[in-house]
Amino acid sequence: MSNKEYKPTLAQLRTFVTIAEHKHFGTAAAKLGISQPSLSQALVALEGGLGIQLIERSTRKVIVTAAGEELLPYATTTLEAADSFVAHAQGAHGVLNGPLTIGMIPTVAPYLLADLLPRLRSEYENLQPRIVEEQTERLLEQLRDGRIDLAILALPTETPTLTELPLYDEKFVAVTHEDDALAGRRDLPLAALEELDLLLLDDGHCLREQIVDLCKLANVSHPAANQSVTRAASLTTIMQLVGAGFGATLVPKSAVASECTRPGIGLATFATGVGAQRTIGLAYRASSSRAEEFEALGELVKAAYAEAAARGDAALTQ
């Protein structure tokens, strides 16, 4: 039976949420920086106070009970509100301070972080950025659950509970073998996609879907046939394949300097006015009160992209 006078502590709620997220006591304890006995004691105290079993544990697995699943969003929202309170107390009035967990998609993070992190350190010396690199759907899930504060990803996400802030439009560059007839051209029509034996990233990567959508727009054949034989989880792997003559691909301009200077690589760009591009921006919970802070961070993201894009332009002229 529950104790009507019982009020859970934030530490107890965080214990419950962390166990529910990781489905493993050892991992949850490590995440929180406490011992497993302390973790178990906090959960027992929470369940005892509520008079409800939240977590089933056995020697093989950890299961969130039906009651636990029902209460989990409330616990997450409570922790989010507490974290927001602390962030405002530390930073106040739109100044970025304290811990900030930033999600980024894999086709953005490697190319912007080298410029973004020093800017964050210079502008906001008390900020403690934590970077989570995940595919789009996973980032959206973590945003909804309160595990990250904001995400830098391709827009739109079409998620009603999120606020989206577009930051920049990024052109795609065609990457071919250096001996390909299209290599070096700067006037490609969208229909040129028909001439490319396109290699795509695995399912779940938004860049894959963006390229497929471009092919549909150009009314060219679906480019996913190669995926039945060749599957790649990173642009780096695809670049190795292209350089060896196993196909072609499209990359965002910010990736050109890092990925496309390998032996055997040729580059081509689309004609002016051809809409071969994506929109990158911020997404955060509509319930968040940190919009002003996130807008300030967005300005630094745009500046970091400008640096990466400039390196891409330089690589295109070589």
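Predicted model: local features only at pLDDT ≥ 70, side-chain atom pairs only at ≥ 80, totals over all residues.
**Start with everything shown**

Display the whole protein as a cartoon. Its secondary structure comes to 10 helices and 9 strands. Turn the view along the principal axes: the C-alpha trace spans about 75 × 45 × 35 Å.

The protein exposes about 15,600 Å². Carbon and sulfur atoms supply 51% of that area. Of the 318 residues, 48% are buried.

**Select residues 8-65**

UniProt lists this stretch as "domain: HTH lysR-type", in an unreviewed entry. Colour it by secondary structure. Over residues 8-65 the chain is 62% helix and 10% strand.

**Colour the charges**

The protein holds 27 positive and 39 negative charges. How far apart are the mean positions of the positive and negative charges? The distance is 5 Å.

Side chains of opposite charge can pair when their charged atoms come close. In this model the count comes to 15 salt bridges. Three of them are the next stops.

**Select Arg-208 and Glu-209**

These two form a salt bridge, with the closest N and O atoms 3.8 Å apart. Is Arg-208 buried or exposed? Arg-208 has a relative accessible area of 10%, so the residue counts as buried, the cut-off being under 20%.

**Select the network**

Pick Glu-21, Arg-138, Glu-141, Asp-145 and Arg-147 together. Salt bridges that share partners join these residues into one network.

Zoom in on Arg-147 and Asp-145 within that group. Their closest N and O atoms are 2.6 Å apart, and the pair forms a salt bridge. Asp-145 has 34% relative accessibility and therefore counts as partly exposed.

**Select Asp-187 and Arg-185**

Here is another salt bridge, its closest N and O atoms 3.0 Å apart.

**Last view**

Zoom back out and keep the charged side chains on display. The stops above are part of the 15 salt bridges counted in the model.

Key: Residues numbered from 1 in each chain as written. Heavy atoms only, no water. Salt bridge = Lys/Arg side-chain N within 4 Å of Asp/Glu carboxyl O. Buried < 20%, exposed > 50% of the residue type's maximum accessible area, 1.4 Å probe, protein only. UniProt positions renumbered as here; feature names shortened; annotations may be inferred. Helix = DSSP H or I, 4+ residues; strand = E, 2+ residues; numbered from the N terminus. Areas by Shrake-Rupley, 256 points an atom, 1.4 Å probe, with all protein chains shown as cover. Lys, Arg positive; Asp, Glu negative; His and termini not counted. Charge placed at Lys NZ, Arg CZ, Asp CG, Glu CD.
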